[in-house]
Amino acid sequence: MTGKIEKGIPKEISSPESFPLLQRRASSSSSYRHKAATNLDARKVLQSKPCGVIGEENAVTDQDMVRKANLTNIFFPFNLYYKIWWGITVIGAIATAFFLPYEIAFQEEYGSFKDVGFVVEFILELIFSVDIVINFNLAIYKEGRLIFTRSEIVQTYLKEMFLFDLCGVFPFESLMLWFTGSLGQSTSDVLIFSIFRLPRLLRLGRLKKFSDIMQYDGHVSFLWFTMLRNAAAVLAFAHWEACTMYYIARLHDFNEDTWLGPLVTSEGDDKSTFDLYLTSLYLSVVTFCTVGYGDFSPVNSTEKLVGSIFMLCNIVVAAWIIGSITLLIVKGDEKTGQYRDNLESLQQYGHMHQFDDHFMKILMSQLKLGFQNQEISDEQVLKSFPSTVRRKILRKLYLQSLLRTQLMKGVRPQFVDAFLASCKVEIFSPGEEIVERGSIQSDLYLLVGGVAEVTNYEAYFDLEHGLHIYDEDDSMKIRYEAGDCK
């Protein structure tokens, strides 16, 4: 520059025409620093995000934090698109659990890659191969923190799940067929190589995670989930046993020394594959249920050994299913039994003190009301939370109603918190008398739900029947609703 320098700034730049350029540059630099600070803050928020607190109510906030952190090449577990993709992999794992054993046992032409089974298998391989690529770019939870640094993601995935996922897609069978020169052939010698597809069952590991999510999801009925899970487990186990027993008979060419040999040789080859599968499934179900009709039974040593293993496993599976269902039934019966015990004690108590029918109905109604609401009472729900969380919940529930009263206006927040912590929620049946005129009360009542009536009445004692009679004056009746600040 050739201009004169004034206070360290060239004269041309310090002129009014050039100053706006300098101002825009400063604004751009300031904007860049602000953007960098915003990205850093957003990344800190994501890192501090606890595991398992992702829900629909904060999905928008999560996406906003991802956008502010400028993490466009990382997938996040709470992202909607990833949830859909993960659901697809779960469906693929379920399909693998049923399709893979059936293909190993009942595939008509081993070594052939032209049937429908090959197409289905290719789709499953493609899904789980893409899932491996996604996992290399998927943010993970580690020690309660969300990790989205690519180097940490790759290191953690390689140490934990990569080997299992790789074995789930690696073509062991095709490699063995190619090594023996049988690739593309349809000979019976390659039947044994089909068992090298079994490592693909490692895909079923994600079903455990799916089961945990459904088990702790409050929107899913635990009873129906348990029933469906147990039914699916029994069906899968019976399916695997059926395919295994058929595979063993096929290894022996369905000769007379196999459990299925007499059926195949006596009726020829006119039975369809589906009929043979139903026969195998029938043997599996009969074995699982310990019925034992005797029409089919293991013959050779291999069938007897495998059959014995399956029968021992049947005991474990049956015990697990019966135990889980029994736990649900006993839990419901236990609560009902507790209520009936209290009801029986109340009836005996009323009979001993000669309570009239009307008064007994009031007591039983109040007992039933308390039983129906004891599971959702504040004491029952909040006992699992620390004091700070309980205080926040109580504020959210009752603070507004409390501050609308004349008594609590201008009171310090610390006193209000202490007051809420000492409160206890009580539920009264309709028509129940809460406070009687002239009685000495040591409790302060705050109406947070429903309607209360203040009634003026005259009372006298009926000597003939031994009862208190109340004559209400409707003109003096005042109604209070929850939220009133009268």
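The structure holds zero disulfides, a disulfide being a pair of cysteine sulfur atoms within 2.5 Å. This is a predicted model, in which local features need pLDDT of at least 70, side-chain atom pairs count only at pLDDT 80 or more, and totals for chains, interfaces and linings use all residues. Residues are numbered from 1 along each chain as its sequence is written, and side-chain values use heavy atoms, with hydrogens and water left out.

**Overall build**

- The protein has 17 helices and six strands. Both are DSSP runs, numbered from the N terminus: helices are H or I with at least four residues, strands are E with at least two.
- The protein counts 486 residues, and 28% of them are buried. Buried means under 20% relative accessible area, exposed means over 50%, and partly exposed lies in between (1.4 Å probe, protein chains only).
- The accessible surface comes to about 32,700 Å². Carbon and sulfur atoms account for 61% of that surface. Such areas come from the Shrake-Rupley method with a 1.4 Å probe, and for residues only the protein chains shown count as cover.
- Take the contacts between residues at least 6 apart in sequence: 65% of them join residues at least 24 apart. A contact means heavy atoms within 4.5 Å.

**Salt bridges**

- A search of the whole structure finds eight salt bridges. Each one is a side-chain nitrogen of Lys or Arg within 4 Å of a carboxyl oxygen of Asp or Glu.
- Glu121 and Arg200 form a salt bridge, at 1.9 Å from N to O. The pair links distant parts of the chain, 79 residues apart. Glu121 lies in helix α5, while Arg200 lies in the loop between α8 (172–180) and α9.
- Glu121 has 13% relative accessibility, so it counts as buried. Arg200 has 6%, so Arg200 counts as buried too.
- Arg200 also meets Glu125 in a salt bridge, at 3.1 Å from N to O. Arg200 is in the loop between α8 and α9 and Glu125 is in helix α5, so this pair ties together parts that are 75 residues apart in sequence.
- Glu125 is buried because its relative accessible area is 14%.
- These residues belong to a network of salt bridges that links Glu121, Glu125, Glu173, Arg197, Arg200 and Arg203.
- Another salt bridge joins the side chains of Asp212 and Lys208, at 2.9 Å from N to O. Both residues lie in helix α9, four residues apart, which is about one turn of the helix.
- Asp212 has 27% relative accessibility, so it counts as partly exposed. Lys208 has 54%, so Lys208 counts as exposed.

**Aromatic pairs**

- The count comes to 18 aromatic pairs. Rings of Phe, Tyr and Trp (its six-membered ring) pair if their centres lie within 6.5 Å; planes under 30 degrees apart count as stacked, over 60 as edge-to-face and the rest as tilted.
- One of these pairs is Trp86 with Phe210, which is tilted: 6.4 Å centre to centre, with 40° between the planes. The pair links distant parts of the chain: Trp86 sits in helix α4 (residues 80–106) and Phe210 in helix α9 (residues 205–215), 124 residues apart.
- Trp86 has 14% relative accessibility, so this residue is buried. Phe210 has 29%, so Phe210 is partly exposed.
- Tyr246 and Phe254 have ring centres 5.4 Å apart and planes at 55°, so this pair is tilted.
- Tyr246 is buried because its relative accessible area is 5%. Phe254 has 16%, so Phe254 is buried as well.
- Tyr246 and Phe254 belong to one aromatic cluster with Tyr102, Phe106 and Tyr277.

**A nonpolar surface patch**

- Phe118, Val119, Phe122, Ile123, Leu126 and Val130 make a nonpolar surface patch of about 510 Å². Patches are made of residues with over 30% relative accessible area and no salt bridge; like charges are joined within 9 Å, and nonpolar side chains (Val, Leu, Ile, Met, Phe, Trp, Tyr) within 5 Å.
- Val119 is found in helix α5 (residues 116–135). Its relative accessibility is 45%, so Val119 counts as partly exposed.
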